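Hi everyone, thanks for making time.

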Amino acid sequence: MDERPSVSARQLVGQARQRVDNLTPAAVAAELATNADAVLVDLREEDEIRAHGRIPGSVWAPRGMLEFWADPSSPDHRDEFEPARRLIVYCATGNRSALAAETLARLGFRRVAHLDGGMRAWKDGGRPLEPF
């Protein structure tokens with residue numbers, strides 16, 4: 001019996017990136033500056049945020065809780081996650097956020113995107129960070 005998965009994590013991320021809105025750091029900054037409805041969501045674990053900072057104004061939703069906090073029918077639903085809002089998710093490099101954006105779309109979020117390249121691309125572009 002072959003124990004290997006039929007698809008790799010790398011393939012899943014690649015497929016998600018083909019189906020979601022991939023934004024550059026400049027595009028994210030522009031949306032945040034011009035769209036009061038946009039919510040930037042940091043998916044990283046707390047220790048990552050404490051070690052590396054976060055994008056100013058972002059809200060924290062650890063990847064493991066995203067679906068529960070985003071689902072309006074969940075008892076754990078958070079007000080930041082309204083399906084009509086523009087949600088932009090990010091992680092360290094853009095892999096988790098691509099998967100998360102695809103999942104949010106499956107949950108009915110039509111205005112979802114992710115920061116392609118994640119915090120690494122944001123930081124490499126000289127964009128501001130703040131402590132957690």
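I'll start with the sheet and then move on to the aromatic rings.

Quick housekeeping: this is a predicted model, so to speak of local features we need pLDDT of at least 70, side-chain atom pairs count only at pLDDT 80 or more, and totals for chains, interfaces and linings use all residues. Residues are numbered from 1 along each chain as its sequence is written, and side-chain values use heavy atoms, with hydrogens and water left out.

Okay, the sheet. Five strands make an open sheet, in the order β1-β5-β4-β2-β3, with parallel pairing. Strands here are DSSP runs of E with at least two residues, helices are runs of H or I with at least four, and both are numbered from the N terminus. Two strands pair if DSSP finds at least two bridges between them. At the edges you'll find β1 (21–23) and β3, each with a single partner strand, so one side of each has no neighbour in the sheet.

Let's look at β1. Three bridges join β1 to β5, residues 112–115, and Asn22 has His114 as its bridge partner there. Helix α5 (residues 95–106) packs on the sheet, touching β4 (86–90) and β5, and its direction makes about 175° with that of β5. Contact means heavy atoms within 4.5 Å. Axes are lines fitted to C-alpha atoms, for helices over the stretch in contact, with angles from 0 to 180 degrees between N-to-C directions.

Now, how many residues of β2 (residues 38–42) are buried? Five of its five, where buried means under 20% relative accessible area, exposed over 50%, and partly exposed in between (1.4 Å probe, protein chains only). Ala38, Leu40 and Asp42 point one way from β2, while Val39 and Val41 point the other way. Five bridges join β2 to β4, with Val39 partnered by Leu87. Two bridges join β2 to β3, where Asp42 stands opposite Trp60.

That brings us to the rings. Rings of Phe, Tyr and Trp (its six-membered ring) pair if their centres lie within 6.5 Å; planes under 30 degrees apart are stacked, over 60 edge-to-face, and the rest tilted. The count comes to one aromatic pair. Trp60 and Phe132 sit edge-to-face, 5.6 Å centre to centre with 70° between the planes. This pair links distant parts of the chain, 72 residues apart: Trp60 is in β3 (residues 59–60), and Phe132 is in the segment after α6 (118–124). Trp60 is partly exposed, at 25% relative accessible area, and Phe132 is partly exposed too, at 33%.
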